[in-house]
Amino acid sequence: MAQVVLKSLVKDYNKQNVVKGIDIVIPDGSFSVLVGPSGCGKSTTLRMIAGLEKVTKGEIWIGNQLVNDLAPGKRDLAMVFQNYALYPTMNVFDNIAFGLRNRGVSKKECKVLVEEISEIVGLTEYLTRMPSQLSGGQRQRVALARAMVKKPKVFLMDEPLSNLDAKLRNQMRVELTGLHKRLGTTFIYVTHDQVEAMTMGDQIIVMDQGTVQQAASPIQLYKEPDNQFVAQFIGSPAMNILSGFQQRLLVGFRPESAKIAGVNQEAPLSDRAQFMKRGNILSREILGSDVLYYVESGQEKLVVKDDLRYLLQEGQEVIVSVNEEDLYLFDQESGIRLRQGINLKEKQKLAGGMT
Amino acid sequence: MKIMGRIALKTGEAVMLIAVSLIFVFPFIWMALTAFKTLPEVYQFPPTLLPESWQIQNIVKAWESGPFPTYLLNSTLVAFGVLFLQILTGVPAAYAFARYKFRGRNLLFALTLIALMIPPQVIFLPIYVEMSNWGLVDTLWSLILPYGASAFGIFLLRQVFMQVPDEVIEAARLDQASEWKIMWRIMAPMAKHVLVTFGLFSFIYHWNDYFWPLIMTNSNEVRTLPIGISMLKASDGGSEWNIAMAGNMILVVPILLIFFFAQRHIIQAFTYQSK
Amino acid sequence: MQPTMGTQQSSLVKEKVTMKKRSLSRWTETVRPYAYIMPALLFFCLFFFFPIGYMIYLSFHDWSLLDLSAMEWVGLANFQEIMLDSDFHLVVINTIIYTFGTVAISLVLSFFLALWLNRQAKIYGIMQAAVFSPHIISLVSVSMLWMWLMDPQYGLLNAILEFFGFPAYTWLADTSSALLSLILVSVWKGVGYNTIVFIAGLQSIPKDIYEAASLDRAGKLRTLAKITLPMLSPTLFFLTIINLISSFQVFDTIYIMTQGGPVNSTNMLVFYIYEQGMDFYNGGIASAASVVLLGLIGVMTFLHFWFAERRVHYR
């Protein structure tokens, strides 16, 4: 058990700046998720923590030890890889026991530990099988068992669920969070899937282009994004971003916080609605309990999520309205969220809403 | 007519098949048949096909005509000794070529490839001088050491090692396995197929080799089977061909047996270079 | 004051120790790949690169295996001598005839064998194995076996000729036929290897090309000339080089079957080098001839790599 601290961590690859000086504190016992689009540096960061990539600049602390130059095997952490990376020539038992043996654990103790772990992940019957004889889910469990058996201070996971089918992935998500609760060990989990991040993590670190965009709890990320990138990355469908009334300003709102109604229809528009846009429905997607409307308003396109009570037709002229507290303002150039020193009246004016 | 033509074609092909297989297989059969004939029957013209009486003792005679147990032991020692050294030097070299980035890697690998192309026959003279300077001529070392590293083996193993996913090696590193252990416990077992293929190639090559022991040895204690067998051929021409053929059976039958059981492996081993 | 100083100092010392440790681990990581290649490289240096250089050095000296300490620098004299030596000319001519004879016959035969035997049915697999089998047999056995088959008086081959009413052939016993007989033996031993490699080449040609050709109504001969042969040209080139290199170094068959005779008619390069160096103790001549052989093989090797490189680029 340990907290992991990254201090202005930098990684260059062939003169290319992949990780550009990040500072993160991963609290002891947390389930921290590194999330971001591909190429954002999240995997590189994880691999630096593991010791599989050399650190160009900066420091990595695990517990109270600086580990920059420590061999991966000596960092007391375990990693689960995307493609499981089982040893194909060893059976399940040897796969799990390999790390223990290398640490000089006696054969007898190995056996006890491996059996204990395989009981937990449900592999007891498969100990003599070769990895090639296992299903994807079972291989995943072997990879987990192999990590767990070492009782590491930190678990690292690099997109461990992305090779599983959707159903198994959901099941494993639940199992992994359950496992985290039981072990209480620090988990650092890398994924490109924001849904996975939101459902599993208690701290989410959003990365883009080698920098940390925001590190916060799932709810905070959703409600109080620091910048345009986070606002659009978290949440599905992504936040609508429209140009504001004033130049240099962008206004955003989430599809699910907008209301939509036909122009000549007595719709249940909220009286507090402050921001409205008129447009046409380009298309719609019925998701089951909800429906997504793709609306064209002038040059801009936006998405609104609504329930099925008042189903609108494609091509219909509509008014989209948003409550002022659901509006987010961003600086056009930096993408930084503007939230201080602007009162509601101003906000409304800046947003260019029609009253 | 059409059917007739097809039948003619089929019989024609069957005749061809038989003829070609006779050309390649019958010499071996003739070797065996001669090996079991008496000397007068060998020198009968026109020759008989089957021996009039099967002279099994010809094999024994051939075996006892020289220190064959020593030859056999030497052949085995050399073939396995070479293979052992080649694997011991080849696995680490192939691992480094496949898995590390370092200065001069391409140059060193190019040098290895050159060693793959130029046969030792061409440079036997300076090696002989070297060996004689070290006092190793006429010892088993002079047969084993020059083949201690195989460019072919390194080439094959490198090919396999390059295909091992990075993550497997990284997982092993996280499992606190040393590089040495990764090499022998993770990589080598994954190259098992190629190791067997290469092992067969190397073993057969050195089991059969005549040139090198001919150059390097001149006493019975260190001679190998091919040399011993070749000495069954009397220089004056009036050879006991039955004994000579019986001796050759000792050399040929083990290889043909291995070929029979590991045909695909062996064909692959010998034709791998073409890929 | 004092205690802070102390801890500062100790932390400095600690830093120094970790620095040392760091640089040590960096150093081992840098050296590691070289250390892994070292053993193999050592063998290559001792038994490949050094001997090549040494051989060139030796070729400029007059020396013999009888007394290695008495070496005399003679410059290019050895090369001059072999260039003027009619025996060496004969050796080179023999080697060229043998090499081109063996390679040409073997490649043509194996090409047709491959076209014929490249089929799925089991019998063809067995045939491939049968044709290949001489390739893995010791040249000692092959040589002795064929010596016996070619025995002019009691050999099976002459018995067969006689059975069909042909006159007996001289085989290894006459200058006019000995070289041809050696070529025959080498073809017999080597054709299987070439056949198998050709078959592998044939199988790597995509089937849809043939299907397209048949849709275009290309005849069998046309398909062979316009598709199979061009697609097979990398294989053909590889086999040519490999066969040339192995034919240049023919030795075992000569040593066992003819000893270069009759009257030098089967004396070829490696046998010449062997005789000069090991029997006649003309170390200088032998090493000069070796350098010539090395040059030939070097050219072949260069061609091979040059072609392989080009092939990679065009793909």
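Guide: Of the 275 residues in chain B, 57% are buried, where buried means under 20% relative accessible area, exposed over 50% and partly exposed in between, using a 1.4 Å probe and protein chains only. A word on the source: this is a predicted model, in which local features need pLDDT of at least 70 and side-chain atom pairs count only at pLDDT 80 or more, while totals for chains, interfaces and linings use all residues. Residues are numbered from 1 along each chain as its sequence is written, chains are lettered from A and ligands numbered from 1 in the order in which they are written, and side-chain values use heavy atoms, with hydrogens and water left out.

Chain B has 15 helices and zero strands; these are DSSP runs numbered from the N terminus, helices being H or I with at least four residues and strands E with at least two. Its radius of gyration is 24 Å, whereas a compact globule of 275 residues would have one near 19 Å; the radius is taken over C-alpha atoms, and the globule rule is 2.2 Å times the number of residues to the power 0.38. Along the principal axes, the C-alpha atoms of chain B fill a box of roughly 75 × 70 × 35 Å.

Now take contacts, meaning heavy atoms within 4.5 Å. Among those in chain B between residues at least 6 apart in sequence, 72% join residues at least 24 apart.

The surface comes next. Chain B exposes about 12,100 Å², with 66% of it supplied by carbon and sulfur atoms; accessible areas come from the Shrake-Rupley method with a 1.4 Å probe, and for residues only the protein chains shown count as cover.

Here is the helix for your close look. Helix α9 of chain B spans residues 166-174, and its buried residues are B:Val168, B:Ile169, B:Glu170, B:Ala171, B:Ala172 and B:Leu174. In chain A, the buried residues of α9(B) pack against α1 (42-50), β6 (77-80), α2 (92-102) and α4 (136-148). Within chain B, their partners are α4 (68-99) and α10 (179-190). After α9(B) comes B:Gln176, which has a positive phi, near 65°.

Among the cysteines of chain A, A:Cys40 is buried because its relative accessible area is 1%, and A:Cys110 is buried because its relative accessible area is 0%.
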